[in-house]
Amino acid sequence: MAEPRGHYINGEWTDGEGTERFESENPATGGTVGEFRRGTPADIDRAVAAADEAFVEWRELSRIRRAEYLWDVYHELRDRTDELGEVITREAGKEISEGRADVVEAAHMVEWAAGDARHPKGDVVPSEIPGKDAYMRRKPRGVTGCITPWNFPVAIPYWHMAIALVEGNTVVFKPAEQTPRCAEIITEMFDDAGIPDGVFNLVQGFGDAGNAIVEHDDVDTVLFTGSAEVGHAIQEKLGGVAGKRAACEMGGKNGIVITEHADLDVAIHSAVMSSFKTTGQRCVSSERLIVHTDVYEEFKNRFVDVAESVAVGDPLDEDTFMGPLIEADHHEKVSGYNELAREEGVNVLVDRTELGDAEIPDGHEDGHWIGPFVYEADPYADLRCTHEETFGPHVALLEYDGDVDEAIAIHNDTEYGLAGAIVSENYRQINRFRDRAEIGLAYGNLPCIGAEVQLPFGGVKKSGNGYPSAREAIEAVTDRTAWTLNNADDIEMAQGLSAEIKTSND
């Protein structure tokens, strides 16, 4: 096992102030991926100071010059997709095609952010006065704290950091403690690109390090993707602090509406991918399938058949569809929700909470294995299992017999509002869902996973605060200045206000 490299502050790898170490675990085997140094608030303070100092010169570079560093990162991501995909699979437990897809999505984000550097930014608008020019310019806010989750350990950091850096901000990055090796690789890429000292900084660690970023006086913007509990705590802390901004993308209790006009082949594929990819550990995973009574029995039988047979196994095996859960504590949480569903009186259709010995690959007995859990429930009952996010392969079938408005009402009956989909061959039903579904990410005849970086990524209600990541992160990391420039010899005001200065002698 390699010696831990520590943190990356002001262009150098450093052991940091603390002496405590922690291990990263392979979720499929229980083995150790590596040992890492745990960051402290003092390390965060050093990183923020370096970022604050570097901001002065970094913001003076043109957007195009800043983007050139990102182009180097983009090419490395593309050249090392297979290699890095395997690292992600070993540390995050995602099956190998998803590990590679994580790298591809990171490359897409870096490509978009770097390419956007040559696109127009701001708006030129007409002034009421012919002799004036009126326009808006964006300015970087300053030091950006990026706190990211384990389930997309390469893609989501770049969702945050690529745009922040191109727009002229500097970064302090605190990755999830479950995937520190992936964060090291990201750091190595920036180092290889020769990014100026202090512009990008990494501090490994746990919640105390993340909290130090949030509470630091010199951090101007916090970008967070993770649990609703933590995200709302960040919003509460920063909501009343002048000059601070928090962009939080959080969880969801996402649903797919399958109407009487659905193509059931499309519906099954959409539901299976949305429910079981990443073993249900996506903020956009579907945990509710809202199915019209006319197609309910056929859909249920087909979905149950897949749930009973979907391949759970070694995530490095190309034939695996679902890997393990991330860690033991999360296995306990998901198992607890499965048991809660039984206690709340649902009709369980598939229960693979405990996999048999034959289903667990040799040498992987210490992994955090779980299979699909599928049940029928009353769509109008006030059940915790159908309203609280599980973050696992825990799926409710909810039958409705009315029009699409009834399905949409069931879909919206949750505190969350992140992602959702509708499967229908009736465009009027799709448009109705488009207009009435309370979500930030909507899909028609598709899974509710698979976002593209050129679109916003974020939710409403308990799922976010209006500053989504991906493309629209630019709104969080920049401020817009409204400029008016007078080209005339005299001052003329749009409101008819006289520019004549009168004195007491007039």
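Biologist: Which backbone nitrogen does a side-chain oxygen of Asp 263 reach at the start of H9?

Modeller: Look for a polar contact, a pair of N or O atoms within 3.5 Å; within protein, one must be able to donate a hydrogen and the other to accept it, and residues adjacent in sequence count only if both atoms are side-chain atoms. Here, the oxygen of Asp 263 comes to within 3.0 Å of the backbone nitrogen of Asp 265. This is a predicted model: local features need pLDDT of at least 70, side-chain atom pairs count only at pLDDT 80 or more, and totals for chains, interfaces and linings use all residues. Residues are numbered from 1 along each chain as its sequence is written, and side-chain values use heavy atoms, with hydrogens and water left out.

Biologist: What span does helix H9 reach from its first C-alpha to its last?

Modeller: Helices (H or I, at least four residues) and strands (E, at least two) are DSSP runs, numbered from the N terminus. The expected span of a helix is 1.5 Å times one less than its number of residues. H9 covers residues 264–276, 13 residues, and reaches 18 Å, close to the 18 Å expected. Just after H9, Thr 278 has a positive phi of about 60 degrees.

Biologist: Which residues of H9 are buried?

Modeller: Buried means under 20% relative accessible area, exposed over 50%, partly exposed in between (1.4 Å probe, protein chains only). An α-helix has 3.6 residues a turn, so residues three or four places apart point the same way. In H9 the buried residues include Leu 264, Ala 267, Ile 268 and Ala 271. Their cover includes strand S12 (254–258), helix H10 (293–309) and strand S18 (419–423).

Biologist: In which sense do S7 and strand S8 pair?

Modeller: Strands of a sheet pair through backbone hydrogen bonds, either parallel or antiparallel. Two strands count as paired if DSSP finds at least two bridges between them. S7 and S8 (residues 170–174) are parallel, over five bridges. Thr 170 in S8 is the bridge partner of Val 143.

Biologist: How many residues of S7 are buried?

Modeller: Five of the five in S7 (residues 143–147). Val 143, Gly 145 and Ile 147 point one way, Thr 144 and Cys 146 the other.

Notes. Contact means heavy atoms within 4.5 Å.
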